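Hi there,

Here is the structure we talked about handing over. Have a look at it first, and my notes follow below.

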Amino acid sequence: MAFDAIFQPIQIGNLTIRNRVVSTAHAEVHATDGGMTTDRYVKYYEEKAKGGCGLCICGGSSVVSIDSPQGWWSSVNLATDRIIPHFQNLADAVHKHGGKIMIQITHMGRRSRWDGFDWSTLVSPSGIREPVHRSTCKTIEEEDIWRIIGDFAQAARRAKAGGLDGVELSAVHQHLIDQFWSPRVNKREDQWGGSFENRMRFGMEVLKAVRAEVGDDFVVGMRICGDEFHPDGLSHEDMKQIAAYYDATGQVDFFGVIGSGCDTHDTLANVIPNMAYPPEPFLHLAAGIKEVVKAPVIHAQNIKDPNQAERILEGGYVDLVGMTRAHIADPHLIAKIKMGQVDQIKQCVGANYCIDRQYQGLDVLCIQNAATSREYMGLPHIIEPSEGPTRTVVVVGGGPGGMEAARVAAERGHAVTLFEAADSLGGQITTASKAPQRDQIAGITRWYQLELARLGVDQRLGTRADEATILDLRPDIVVLATGGHPFLEQHPEWGYSENPEESLVVSTWDILNGRVEPGKNVLIYDAICEFSGMSAADYLADKGAKVEIVTDDIKPGAAVGGTTFPTYYRSLYQKEVIMTSDLMLHRVYREGDALVAVLENEYTGTQEERVVDQVVVENGVRPDEALYYALKPRSRNRGQVDLEALYAIQPQPCLSEEGEGPLLFRLGDCSAPRNTHAAIYDALRLCKDF
Amino acid sequence: MLDTLLPILIAAALALAVIGAGRRVRLWRQGRPARVSLLKGLAAMPRRYLVDLHHVVARDKAMSNTHVATAGGFVAAAVLMILVHGLGLGAEVAEGALGWLLLAASATMFVGSCFVARRRRHPPSRLSRGPWMRLPKSLMAFSLSVFAITLPTVGLLPEDFGSWMLALALLAVLVWGLGEMFFGMTWGGPMKHAFAGALHLAFHRRAERFSTRTGGSGRSTGLKALDLEDPKAPLGVEKPADFTWNQLLGFDACVQCGRCEAACPAFAAGQPLNPKKLIQDMVVGMAGGSDAAYAGSPYPGKPVGEHQGHAQGPIVAREGKALVDAETLWSCTTCRACVEECPMMIEHVDAIVDMRRFLTLEHGNTPNKGPEVLDNLIATDNPGGFDPGARMHWAADLELPLMADLQQVDVLLWMGDGAYDMRNQRTLRALVKVLRAAGVDFAVLGNEERDSGDVARRLGDEATFQSLAQRNIATLAKYRFLQIVTCDPHSFHVLGNEYGELGGHYRVHHHSTFIAELHEEGRLAFRPWKGGRVTYHDPCYLGRYNGEFEAPRNVLRALGIEVAEMERSGFRSRCCGGGGGAPITDIPGKQRIPDMRMGDVRETGAELVAVGCPQCTAMLEGVVDSAAEVRDIAELVADALVEPPAGHAKGPARTARPLAEEVVS
């Protein structure tokens with residue numbers, strides 16, 4: 001029996017969990033209308049339960065009190081009885097498939113924003129400002145403390161009344177309970193601060209009140225940090241002492257352990273380790289906690305692969321593994337293990353598109369799985385074969401949009417030919433994976449390679465399709481996902497030429513793909529501030545170049561998400577890359593062997609020059625439209641997508657109409673430059689009805 | 001001259017036949033005693049021959065008719081010849097009618113012989129050659145010469161027709177005929193089959209196989225238990241003399257027709273087994289000698305003439321060669337295709353397991369993974385060596401009722417060791433869903449269940465089998481249930497057919513049978529089948545072992561599936577290769593049995609092959625580049641479930657339980 005450690009049930013309190021895999025608490029950002037769980041919310045968790053996940057802990061940072069705002073992240077609001085019937089729907093949906101579901105409950109204290117909704121006065125043990133959310137707060141009063149303790153108990157009652165299987169008290173991520181714990185934030189000298197027992201008091205009173213309210217036959221767990229990684233914060237030894245202290249009450253049914261605090265940008269990046277991190281980087285912290293507690297320990301952080309999970313469980317480091325992003329990427333992970341389809345699992349690559357959206361208050365989505373959290377719209381994780389005619393589908397372009405289009409069309413049962421000009425699939429993903437610490441993004445392509453091979457898609461690699469080759473195949477449908485090229489021709493002053501001998505600037509793609517040798521003294525001008533510029537800077541610095549990255553935006557990497565720019569910054573600062581903002585690239589000219597870049601301050605117009613041997617420009621993507629316009633007049637639908645149908649996840653009306661010539665659609669960057677998710681989403685919603 | 005010589009010749013032939021018979025009987029009596037009722041058996045013999053054996057023979061119409069003419073003609077001619085020419089009753093009785101009858105009988109036999117001769121002109125490879133090639137000539141010699149010597153008797157030719165030369169020639173031919181037909185029959189020629197076969201039918205070790213006037217033939221497929229208490233009883237069969245005397249007799253009945261060879265999956269896969277050769281080797285062993293004279297297909301990869309033995313010598317040598325190599329015995333999947341095909345009702349599988357018992361229990365020489373599996377069974381009560389406490393992990397989220405809690409239910413769901421197998425867990429979960437949809441009152445033994453002992457028994461470890469069986473029987477004895485339902489035909493067979501001898505008597509149903517009943521009672525309703533073409537693979541232990549061919553097909557029909565049958569289906573279904581511990585002993589061949597079976601599936605053009613056995617599922621799913629998806633019947637049913645029409649549901653009303661259908665397909 002393979003994976004026996006994963007499939008060994010476990011008892012938590014009175015609850016039997018069918019396996020050792022947990023989707024741990026994260027903010028979904030789709031509880032709406034004052035924090036009530038929606039159909040979308042229910043379907044999102046139902047899909048995980050259907051896919052075999054043992055335990056889902058939903059509702060990261062679900063609030064218990066009126067002064068812990070829920071609106072910023074559309075989190076669940078347990079401060080009102082209105083939530084109870086919503087929980088009943090949620091519990092039924094998960095239980096129906098044999099899963100268990102709990103909710104994380106918390107008061108976020110100072111870790112929120114006050115400048116909206118109720119314009120709440122945030123509270124914290126000593127009124128110290130929180131830097132990540134730039135939030136100020138008042139020093140909490142005794143009355144607030146007891147009110148909030150009571151709110152925790154009421155929230156737990158509501159979870160129980162709604163049929164959920166338990167609650168997880170959040171004492172992690174610098175929420176109110178661990179704000180009391182941490183001497184970094186708690187400077188009080190009354191009974192709520194100072195000594196160990198005093199700092200523990202608030203959490204202990206919460207635990208006692210909750211347990212008194214829900215009794216023994218309801219699971220109450222606690223999520224804690226394994227080490228705050230701040231010199232003035234809680235160390236691993238402190239956390240072991242805290243865990244043992246609470247465990248000794250016998251009232252905690254499980255501990256979830258997360259490595260790292262998160263009240264700075266740098267530590268926040270640890271909490272949801274992106275692809276720059278090794279596998280399970282903080283497992284040792286969870287294992288350290290497990291050494292000192294009797295209750296089962298859950299640990300989630302960069303556990304993405306079933307074999308990895310099995311190894312961790314077999315080693316006995318922890319009792320349950322959180323595979324949360326792994327389930328966002330593929331909610332059928334467990335079912336696929338059971339079906340012997342481990343190779344078909346869409347594995348999380350740590351791009352952190354999900355969490356970086358969440359920190360912007362946007363709904364959690366997966367970079368590579370457009371169906372996740374769109375189950376309620378009818379977007380399928382498993383594509384059913386078409387009952388209609390078998391069509392000949394030609395997809396041009398093997399980037400994410402083209403690969404998804406080919407996959408979905410092939411799952412529908414059509415005969416699919418995929419053209420890719422390069423020698424391998426991946427498109428811009430391949431380029432992105434060339435940078436230091438970014439190689440794992442190629443996992444997106446790896447999955448498609450396996451799936452397209454499994455589905456028997458005719459892959460014509462190294463083949464640039466033209467009008468004739470496409471029409472020779474007598475396609476019923478042509479999907480163009482030809483992408484674009486670096487947009488260097490926008491400003492003639494930059495001196496870009498198609499002839500590499502003459503061009504004064506090169507693109508980040510040229511650098512990352514190794515088409516040009518890295519210079520020794522390089523200026524990168526990054527008008528976009530997303531991944532490419534940062535990756536090129538990291539790549540060049542890694543090759544030994546002196547690098548300055550300049551942007552006219554507010555800072556280099558400004559558009560990179562909150563859990564990823566810190567890993568770039570760590571690398572770039574370490575390699576002494578200079579990061580300069582507010583300068584536009586005005587002009588580049590050659591002077592002898594050197595290149596001179598003329599930069600102009602956006603706010604003063606002052607010009608300054610850099611003498612370098614290489615100028616790299618990142619100015620986004622320009623769509624390659626030639627093939628589209630060549631095919632458009634030959635197509636039955638003149639290349640048009642019916643937007644109403646597309647956005648309503650309905651079949652394109654032209655699919656059921658008769659006529660001459662193939663249907664033509666384009667998606668991804670060859671239409672307008674967007675991102676990986678956009679291309680995959682368009683491909684999925686367009687092709688799922690082919 | 002003939003008048004004088006014929007009675008002498010016939011008397012001599014009969015005397016020689018008696019001498020031959022004495023020798024043959026002595027050979028058989030080397031075997032161990034067996035409890036058989038001699039008189040009852042002899043009395044039952046004609047019916048066994050004319051009904052049960054003929055039923056098998058008649059599967060080949062042409063050969064059946066040939067045999068009726070030849071054998072019927074011979075028996076009649078032989079009796080009449082003794083009367084007319086031996087006792088000289090030709091002219092006196094019934095106005096010479098006996099002579100005319102004798103003419104007719106010998107003529108009929110001659111016509112039959114011509115067909116035998118035609119068959120022998122280009123014999124299929126499964127037929128043995130050697131002495132069998134002269135048999136049609138011998139038959140003709142006998143029938144023609146008897147016909148000729150009878151012509152004067154009825155007056156068609158003058159008494160003194162021809163010269164003495166002609167008479168001598170005729171007598172010479174008759175001597176040849178008589179020698180083959182009378183002396184050869186008992187001494188050991190091709191005609192031995194008639195003598196040994198008749199007695200074999202009379203003294204068959206499985207009398208219950210045969211029909212009686214009151215009912216059809218019963219199946220008798222359970223292995224017979226070893227008496228482990230008796231210190232004198234050998235642990236299995238080491239040497240030919242360790243077989244019971246009627247087993248030895250049974251081997252002698254073989255006509256070397258090779259129907260077993262044609263049906264044997266191991267032979268077809270190029271593994272070193274040919275059931276016909278094995279039986280012939282037992283015949284060689286019983287009389288002593290080498291297999292050099294054997295004139296049929298050898299064990300694949302094993303030349304003839306290198307093996308020898310005798311009644312008191314080992315069949316399998318510890319080192320080197322004896323009568324049979326161990327790997328021949330371990331190649332068998334115990335699929336019973338040979339037994340099912342054998343027109344002489346020989347029990348090949350019994351013999352093979354008898355010999356395996358000795359190798360495992362006395363030599364401790366089970367090949368490949370065998371010892372590991374047996375050790376696992378001894379240590380953990382399951383062949384995989386899994387934690388006995390993990391038996392219910394597959395159902396952690398199903399809240400299955402336990403017998404220990406309920407004590408009494410309608411249906412005890414026997415999980416089998418597939419409970420540890422991720423693939424079979426899907427079947428089990430589907431079955432639970434179906435039982436719940438039909439409102440069946442059921443429970444499982446949970447961690448009290450142990451492996452049924454099937455694999456241990458087929459691998460020859462009778463001690464472990466009996467230990468498991470006795471403990472299962474003791475557990476089952478604690479509870480009350482109307483029937484056992486299982487999705488594992490091996491458990492089904494062992495519980496239903498082999499526990500009885502150890503004191504456990506149960507009504508056991510395969511899940512397909514039970515689901516078919518539920519559907520007939522209107523307790524299940526299905527949405528119509530929308531998939532592609534489907535074929536059905538009969539598991540050996542369900543079909544040939546237990547005669548259940550229809551229920552699975554009825555269920556598939558109820559699902560709206562029209563089964564595209566494989567050429568080899570029903571009682572002729574080809575084994576998947578998974579039975580008898582064959583995947584464990586893993587004797588190499590030229591190809592894999594499941595690959596061949598998937599080839600059969602491919603020929604039907606089916607996209608899906610429905611199965612009803614965890615072993616078959618595992619073997620067929622293990623085929624690389626498989627043509628078809630493999631789904632258990634329970635899975636197909638669970639997928640198709642819709643609410644049954646109101647008012648049709650029988651059985652106690654139950655509250656809806658949560659159904660876990662975590663596997664998405």
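A residue is called buried here if 20 or more other C-beta atoms lie within 10 Å of its own, exposed if 12 or fewer do, and partly exposed in between, with C-beta atoms placed from the backbone. Helices (H or I, at least four residues) and strands (E, at least two) are DSSP runs numbered from the N terminus. In α26(B), the buried residues are B:I633, B:A634, B:E635, B:L636, B:V637, B:A638 and B:A640. That helix covers residues 633-640 of chain B, and seven of its eight residues are buried.

Please keep in mind that this is a predicted model: local features need pLDDT of at least 70 and side-chain atom pairs count only at pLDDT 80 or more, while totals for chains, interfaces and linings use all residues. Residues are numbered from 1 along each chain as its sequence is written, and chains are lettered from A and ligands numbered from 1 in the order in which they are written.

Now to chain A. Its secondary structure comes to 22 helices and 27 strands, and 56% of its 690 residues count as buried. Eight of the strands close into a barrel with parallel pairing, in the order β3-β4-β5-β8-β9-β10-β11-β12; strands count as paired if DSSP finds at least two bridges between them. One such pair is β11 (297-300) and β12 (320-322) of chain A, joined in the parallel sense over three bridges, with A:A300 opposite A:G322. Helix α5 (196-214) of chain A lies across β8 (166-171) and β9 (219-225), at about 170° to β8(A). Axes here are lines fitted to C-alpha atoms, for helices over the stretch in contact, and angles run from 0 to 180 degrees between N-to-C directions.

Chain B is divided into domain 1 (2-207), domain 2 (226-361) and domain 3 (373-642), with bounds from an automatic or database domain assignment. Between domains 2 and 3 of chain B, 27 residues of domain 2 are in contact with 25 of domain 3, where contact means C-beta atoms, placed from the backbone, within 7 Å. On the domain 2 side, α14(B) gives the largest share, six residues.

How many residues of chain B are in contact with chain A? There are 18, and they meet 21 residues of chain A.

Happy browsing, and write back with any questions!

How values were computed: Two residues are in contact if their C-beta atoms, placed from the backbone, lie within 7 Å.
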